[in-house]
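Good morning, and thank you for coming. I would like to take you through one structure, from its strands to its core and its surface.

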Amino acid sequence: TDIMKTKLIKLIVVIICFTSILSRSKNDREFYSFIQINPPEWIQGTWLKAGTGFGWRFTSNDIISIDPNLEFSFRESYQSFIDHGANASISDTYTNVSYIVTINYGGVISTFDFTKLSDTEISEKSDSLAILIKQ
């Protein structure tokens, strides 16, 4: 839990600092089709840690970190970085039971590693093997 929180906090701080300086309206942006975030079908949906509001939502082209007070879209933040000419990259790989995402926002690199335990449970290695339950 602490490892994931630390990584996510670092990532969010970098993004908030960058976007607060150079932000512009979401409606003014063109969304680029070259942004490749491709969660596999088996992980798509909302996954939360039992008894908390923390977790993840995976769509066919985005990863969203869920906090009880905030949802953070990796696709939108990546888009903002690219719009402002910043150095950013996202890569993901998957199998029938694993999904690994590596994100680089201006030199801050975070890796998130998910493993399918069953159709209703996944583990997140970047968070000390937290178990998340499909909602």
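Let us begin with strands E8 and E9, which run antiparallel and are joined by 4 bridges. Strands here are DSSP runs of at least two residues, helices are runs of at least four, and both are numbered from the N terminus. Two strands pair if DSSP finds at least two bridges between them. Please note that this is a predicted model, in which local features need pLDDT of at least 70, side-chain atom pairs count only at pLDDT 80 or more, and totals for chains, interfaces and linings use all residues. Residues are numbered from 1 along each chain as its sequence is written, and side-chain values use heavy atoms, without hydrogens or water.

Ile122 has Leu132 as its bridge partner in E9, and Ile122 in E8 also stands opposite Lys116. E7 and E8 form a hairpin with 4 residues between them, and their antiparallel pairing has 3 bridges.

Which residues touch the most other members of the largest nonpolar core? They are Phe58, Phe74 and Tyr99, within a core of 23 residues. Such a core is a set of buried Ala, Val, Leu, Ile, Met, Phe, Trp, Tyr and Cys residues joined through side-chain atoms within 4.5 Å. Among the elements that each supply at least two residues are helix H2 and strand E7, while E6 gives the most, with 4 residues.

Finally, Ile133 lies in strand E9, residues 130-134. Ile133 counts as partly exposed because its relative accessibility is 31%, where buried means under 20%, exposed over 50%, and partly exposed in between (1.4 Å probe, protein chains only). Thank you.
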